[in-house]
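Please look over the chain shown here before reading the notes that follow.

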Amino acid sequence: VLSDISKQFGEHLVVNHFSLKVENGELFVLLGSSGSGKSTILRLIAGLLVPDAGVVELRGRDVTVAFGLSGREALYKDFAADLAELTQPLAQPTDK
């Protein structure tokens, strides 16, 4: 969940009060023209950038401000396991 996220670099406002909610199991796509803030939003979600305003939640936990590498590793390890499960090929039906 991104709630009212804003990010600027110097005087350039890149993301302005952006909100997004993605439910478990959903996929989403960010579409926009060059320079519209797509990469910045993804960097905010990944924790590579800290927003100037707003809240980033992942699995119900506020991860807006970096809380240490070990905490992030634990959080994203769970996410990676879920992603691996989603991308497993479907089991082939068995003949009875």
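Which residue takes a positive phi in the hairpin of strand 3 and strand 4? Arg 59 does, with a phi near 55°, in a hairpin that has two residues between the strands. This is a predicted model, in which local features need pLDDT of at least 70 and side-chain atom pairs count only at pLDDT 80 or more, while totals for chains, interfaces and linings use all residues. Residues are numbered from 1 along each chain as its sequence is written, and side-chain values use heavy atoms, with hydrogens and water left out.

**Overall layout**

- The protein chain holds two helices and four strands, where helices (H or I, at least four residues) and strands (E, at least two) are DSSP runs numbered from the N terminus.
- Read from the N terminus on, the elements follow the order β-β-α-β-β-α.
- The accessible surface of the protein chain comes to about 7200 Å², and 56% of it belongs to carbon and sulfur atoms; such areas come from the Shrake-Rupley method with a 1.4 Å probe, and for residues only the protein chains shown count as cover.
- Of the 96 residues in the protein chain, 20% are buried, a word that stands for under 20% relative accessible area, whereas exposed stands for over 50% and partly exposed for values in between (1.4 Å probe, protein chains only).
- Among the contacts in the protein chain with a separation of 6 or more, 37% come from residues 24 or more positions apart, a contact being heavy atoms within 4.5 Å.

- Four strands form an open sheet in the order 2-1-3-4, with antiparallel pairing; two strands count as paired if DSSP finds at least two bridges between them.
- Strand 2 and strand 4 stand at the edges with a single partner strand each, so one side of each is left without a neighbour in the sheet.
- Strand 1 and strand 2 (residues 12-20) pair over five bridges, and within this pairing Lys 7 has Val 15 as its bridge partner, while Phe 9 stands opposite His 12.
- These two strands also form a hairpin with two residues between them, and Gly 10 in the turn has a positive phi of about 65°.
- Strand 1 (residues 2-9) is joined to strand 3 (residues 53-58) by three bridges, and here Leu 2 has Val 56 as its bridge partner.
- Strand 3 is joined to strand 4 (residues 61-62) by two bridges, with Glu 57 opposite Asp 62.

**Positive phi inside strands**

- Asp 4 has a positive phi of about 55° although it is not a glycine; this residue is placed in strand 1 and, at 38% relative accessibility, counts as partly exposed.
- His 17, which is not a glycine either, has a positive phi of about 55° and lies in strand 2.

**Salt bridges**

- Two salt bridges are counted under the rule that a side-chain nitrogen of Lys or Arg lies within 4 Å of a carboxyl oxygen of Asp or Glu.
- One of them joins Lys 7 to Asp 52, with the closest N and O atoms 3.7 Å apart. Lys 7 lies in strand 1 and Asp 52 in the loop between helix 1 (38-46) and strand 3, so this pair ties together parts that are 45 residues apart in sequence.
- Lys 7 is buried, at 11% relative accessible area, whereas Asp 52 is partly exposed, at 47%.
- Glu 23 and Lys 21 form a salt bridge whose closest N and O atoms are 3.4 Å apart; Glu 23 is partly exposed, at 41%, and Lys 21 is exposed, at 58%.

**Nonpolar core**

- A nonpolar core is a set of buried Ala, Val, Leu, Ile, Met, Phe, Trp, Tyr and Cys residues joined through side-chain atoms within 4.5 Å.
- The largest one has 10 residues in all, namely Leu 2, Ile 5, Val 14, Val 15, Ile 41, Leu 44, Leu 49, Val 56, Leu 58 and Val 63.
- Strand 1, strand 2, helix 1 and strand 3 are the elements that give two or more residues to this core.

**Confidence**

- The average pLDDT of the protein chain is 79, and 68% of the residues score at least 70, where pLDDT is the predictor's confidence in each residue, from 0 to 100.
- Among the elements, strand 2 has the highest mean pLDDT (94) and helix 2 (residues 69-86) the lowest (59).
- Where pLDDT is low, the predicted coordinates should not be read in detail.
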